[in-house]
Amino acid sequence: MSVEQLPLVSIIIPAKNEGENVRNTVTSALQSKTDYPFEIIVVDDGSTDQCCRLIAPKVDGNRVRLITTQGIGAAPARNLGAEHAKGDYLIFCDAHLYFEHYWIDQLLQLIRSGVADAVSPGIASTEHPTYVGYGQTLNPRLGISWLRQQTLPTEVALLPGGCLAVSKNVFFDIGGFDRGFRVWGFEDIEISIKLWLFGYKCFVQPAVKVLHLFRKSHPYTVTNEHVYYNMLRMAYSHFNDSRILASKRLIIHSNPMAIDKEVLLHGALAQRIRYHARRKHDDDWFIQKFQIPF
């Protein structure tokens, strides 16, 4: 199959106060080999450090495009990038990644062959590149646990949002990342659960390894209230009543009643009804399938 026959891929990179990282990520993507035509869409989500000015020489309005916002949050920024994408396939990437040759090709092979509907690579730290995580699952406190020692493409409960490939059709069929999420937190968990419950399959592709800069803190303000809000909105969207109550009990550094009131005020129950009406599996199925202790 020639390059001209392969579909366009849109690499979507949200960035907020990334310093030189976003330039390094864009440069790495442009230098990595692939048979696929691709575009890069950088969403500057209200950065105050002028980080996206560093990619100005690469922005040509065609292969590399820049979109600016006033600070809408991680999930909405990804959705905005997808809405501007011209490609048939979307790859959401953090703004602090380094890629190997043909990473795009091997991720899309699983999707285009029908094995998977959404795929993530193995992800390793830039400081410890031999220590690789192959997808994720949930622990009893709804935190993430990395999976290890995968050698073949494998179903996983959660795909790391730091590098996630999906067809545009599937992405918009599920409604994208949660459109009510705030700032940061639970984006990749929510979209992975939604993919599974709506009847799609999430796989990790261990033949691909992407290096990720893991930071000790965010370069912008993330509060407990932001994270708890997103967690509880996710619970209302996808969990049964007992798991919603269990999720509320996890709110220990904020007022759970206030968080609950805010989540309900912003349409969580209406979204719950929509999602439950169209899903093919319930949360018991998901929890049992991946033996999640929650």
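F92, F171, F172 and F177 belong to one aromatic cluster in this predicted model. Rings of Phe, Tyr and Trp (its six-membered ring) are paired if their centres lie within 6.5 Å; planes under 30 degrees apart are stacked, over 60 edge-to-face, and the rest tilted. The count under this rule is 11 aromatic pairs.

One of them joins F92 to F177, edge-to-face, with 5.1 Å between the centres and 90 degrees between the planes. This pair links distant parts of the chain, 85 residues apart: F92 lies in strand β4 (residues 89-93), F177 in the loop between α4 (168-173) and α5 (187-197). Helices (H or I, at least four residues) and strands (E, at least two) are DSSP runs, numbered from the N terminus. F92 and F177 are both buried. For F171 and F172 the centres are 5.3 Å apart and the planes meet at 85 degrees, so this pair is edge-to-face.

F171 is buried, with a relative accessible area of 0%, whereas F172 is partly exposed at 34%. Buried stands for under 20% relative accessible area, exposed for over 50%, and partly exposed for values in between (1.4 Å probe, protein chains only).

Two charges sit over rings (NZ of Lys or CZ of Arg within 6 Å of the ring centre and within 35 degrees of the ring normal):

| Charged residue | Ring | Distance to ring centre |
|---|---|---|
| R78 | F177 | 5.8 Å |
| K289 | F290 | 5.5 Å |

Residues are numbered from 1 along each chain as its sequence is written, and side-chain values use heavy atoms, without hydrogens and water. Local features need pLDDT of at least 70 and side-chain atom pairs 80 or more, while totals for chains, interfaces and linings use all residues.
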